[in-house]
Amino acid sequence: MSEAPRETSCDWTVTGMDCGSCATKIKDAVVRLPGVSGVEIGIISERLRLTLDEVQTGRDRIEKTVRALGYGISPRAGSAKKDLVLPGAHAAPDQSDAHQDHAHSDNDHEGHDHTGLDHSPKAASAKHDDSGHGSPGHVHDDPADRGKRWYQTAKGRLVIFTALLLGAAWFIEYLAPEIGKWAFVAACLIGVAPVAQRAFAALRMGQPFTIESLMTIAAIGALFIDAAEEAALVVFLFAVGEVLEGVAAGKARDGIRALANLVPKTAQLVDGDTTREVPAASLNVGQTVLVRPGDRIPADGEIIDGTSGVDESPVTGESVPKTRGPGDAVFAGAINTEAALRVKVTKGPEDNTIARIIRLVEEAEEARAPTERFIDRFSRWYMPTIVAVAALVVLVPPLAFGQPWDTWVYRGLALLLIGCPCALVISVPASIASAMSTGARRGLLMKGGAVIEAAAKVSRIAFDKTGTLTHGRPRVTDVVPFGSVTEAELLAVAAGVETGSSHPLAIAILNKAKDAGVTALPPQDAKAVMGKGVVATVGGAPAWVSSPRYAIDNGGLDGAGLRQARVFEEEGKTAVAVFREKTPLGLIAMRDEPRSDAKDAVRQLTAMGVTSVILTGDNPRTAAAIAGGLGMEYQADMMPEDKLKAIKTMSETGGVMMIGDGINDAPALKQASVGVAMGSGTDVALETADAAILRDRVTDIPATIRLSRAAMANIRQNVTISLGLKAVFLVTSLLGLTGLWIAILADTGATVLVTLNALRLLRFNPERET
């Protein structure tokens, strides 16, 4: 019986990709190999991920294939150990910024393991000596070149080398015109040789239509029609274009690298009465670290000693430091501004806030927008079509109309150079990456291009009320004792019943009793009455804290008390009845106040043409009071399945965004066109949602839509630039108005313009109303 194939998830860092065609070339090459499936490649994150049956194809063959195309490749830290690391386990990190094996339950991202952006030493020192690396030509970015000036990089040295070749040829032609032509031929052949080598490598892998192949045909063709000088110039301009594309792609990656650099490399680990410096990536859950004033916090954790101002702006964009003390949670990357803190680590380095943000940004390239998928399909037939048109331009006029061959071969070669769709293919991912970076700096996280495109089309927003439009922390507003019962007695009974409960209403009652100096009666046999309230024995007799409806049914509230409870509910408050056996004791009213910016957020959404509705499990009168104050519609008394049905109904008339923070919101978040989790919400809500708001600001919701719309506008501009320039120069080349060197400038220029236009999104402020 044959052994069942073993499929494993493999993950590599691929260096040297500077445009969409690079990614397409690699993907098409590896997907042809047997046993390879699920290929995902990110230009900005420099990541190749796939599922591999190693019985059919080994990892070394994948690496050899990628290197043959002229790119650097090395395994990402942790990828080789994926099968050994269980979800939630903390593998020892391989380097300071490794982020390993974090399972997601969000849209289409199950089972992804993610690593940091800092590459392993192997990646950093990789020498590009395979298939033309180390030789002049289309040399891709080396990670060792990061931070260097352009002329110190491999691409920069290539430009200098080809410029010297071209200069030498011009000098020889000036001194000896009779051999000048051969100097240009030599300059062209030396410069184009490594490009041709990679073109043949791609051809052997079934990819005849690459920029290298078009460049090779154009350069060699120009030599045959006695245009050696122009051919050499084209090779030089091609090298210049590669430098510009590499610089632009590097700038697009800088935003993500900056996120990774927020976490300090070292931490002061508390070891008994002393501290010692350790790598931040080695911290484990449960350890304690000392954070001195001015230091960045090295891990997500909880303060166990000390009170200080904490600047969370690197993570959330919130500019004002917040006072944090014992019991408060803090983020990795935040800055301690005032006093020393001792922080207990609650999340490992692979799962801290910064690591999660980076994973979301990386996943943006995998959850591709519909527009991007269409452009990819378009580019696959666009390039062969251009080659066919170029062939017709070369053959038809001379054969059918007796036109000179030299003229039409020249024009056909110019068409080939214009035909590369690099600018078109990079137009969407460059804009998406820039938008993701801009959002991440402001605590607005979106899981991919598909989410951004869907958010830009949203026409309705459904808000959960508690913890989303409101703080989720109700406080007692009214204490109404009945008969001879005093306020202190009422609070003592209610606090006794609620002792030990973590329900928000229980916490509000306990806090009120504490503030009033009332000691809770000792409880016994406390138990919850599902969906109704709590009962416990306090002061020697049973007592209940329940909903008014339950109290009425059990003799704990009379008609006058019910009318008072309704008054509270009409004011947007939640009322609970406190009673003993058939004896009403009183009412306690609480209100979960709306967030201070909720009304302004609704106003901004209305101005943007987006309508808002509250979907809440609270009673209709409370929901009406909150919705009325904010100018919104509402639906109340909703169970999770009711919210799901409401979202489905709203989706029939357009895009719907759902904002929630609790486990009960998870189904509706999944059903909506875009599900957004508030940062204070549960992990279930954050993982289920398509986007997350880290700052707990309701005004970040219109900011998210504004950013998404700006990104889609930027994409439309990019597509117009890339196709517009192609169209113009296709016509001018056919008419003989532009030559080869103008054609290569047009192709490279379009790619650079598109990338620079996308980088404008890095300066976009989504919080500013337009």
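The dialogue below treats strand pairing, backbone phi angles, cysteines and nonpolar cores in a predicted model.

Reader: How do the strands of a sheet pair, and in which sense do E17 and E18 run?

Author: Strands of a sheet pair through backbone hydrogen bonds, in either a parallel or an antiparallel arrangement. Here strand E17 (residues 523–529) and E18 run antiparallel and are joined by five bridges.

Reader: Which strand pairs with E18 over six bridges?

Author: That strand is E19 (residues 541–546), and the pairing is antiparallel. Within E19, Val545 is the bridge partner of Val534. E18 and E19 form a hairpin with two residues between them, and Gly539 in the turn has a positive phi of about 60°. As for solvent, strand E18 (residues 533–538) is mostly covered, with five of its six residues buried.

Reader: In what order do the seven strands of the open sheet lie?

Author: The order is E14-E26-E25-E24-E15-E22-E23, and the pairing is mixed. At the edges are strand E14 (444–446) and strand E23 (633–635), each of which pairs on one side only. From one strand to the next, the twist averages 20°.

Reader: Where in the model can a parallel pairing be examined, and how many bridges join the two strands?

Author: Strand E24 (residues 655–660) and strand E25 (residues 674–678) run parallel and are joined by four bridges. Met657 stands opposite Val674 in E25.

Reader: Which helix lies across strand E22 and E23?

Author: Helix H20 (residues 620–630) lies across strand E22 (611–615) and E23, and runs at about 160° to E23.

Reader: Where does Lys582 lie, and is Lys582 buried or exposed?

Author: Lys582 lies in the loop between strand E20 (574–580) and strand E21 (583–591). Lys582 counts as exposed, at 58% relative accessibility. Its phi is positive, at about 60°, although Lys582 is not a glycine.

Reader: What is a disulfide, and how many disulfides does a search of the whole structure find?

Author: A disulfide is a covalent bond that links the sulfur atoms of two cysteines. The search of the whole structure finds zero disulfides.

Reader: Which residues of the largest nonpolar core touch the most other members?

Author: A nonpolar core is a set of buried residues of nonpolar kinds joined through side-chain atoms within 4.5 Å. The largest such core has 99 residues, of which Ile461, Phe463, Met657 and Ile701 touch the most other members. Helix H24 (residues 700–734) gives the most to this core, with eleven residues. A second, separate core of 31 residues includes Ile26, Ala29, Ile41 and Ala758.

Reader: With which residues is Phe463 in contact, leaving aside its neighbours within four places in sequence?

Author: The contacts of Phe463 include Leu605, Ser612, Val613, Ile614 and Leu615. Also among them are Thr468, Leu469, Met632, Ile659, Val698 and Ile701.

Technical notes
Residues numbered from 1 in each chain as written. Predicted model: local features only at pLDDT ≥ 70, side-chain atom pairs only at ≥ 80, totals over all residues. Heavy atoms only, no water. Buried < 20%, exposed > 50% of the residue type's maximum accessible area, 1.4 Å probe, protein only. Pairing = 2+ DSSP bridges. Axes fitted to C-alpha atoms, helices over the stretch in contact; angles between N-to-C directions. Contact = heavy atoms within 4.5 Å. Disulfide = S-S within 2.5 Å.
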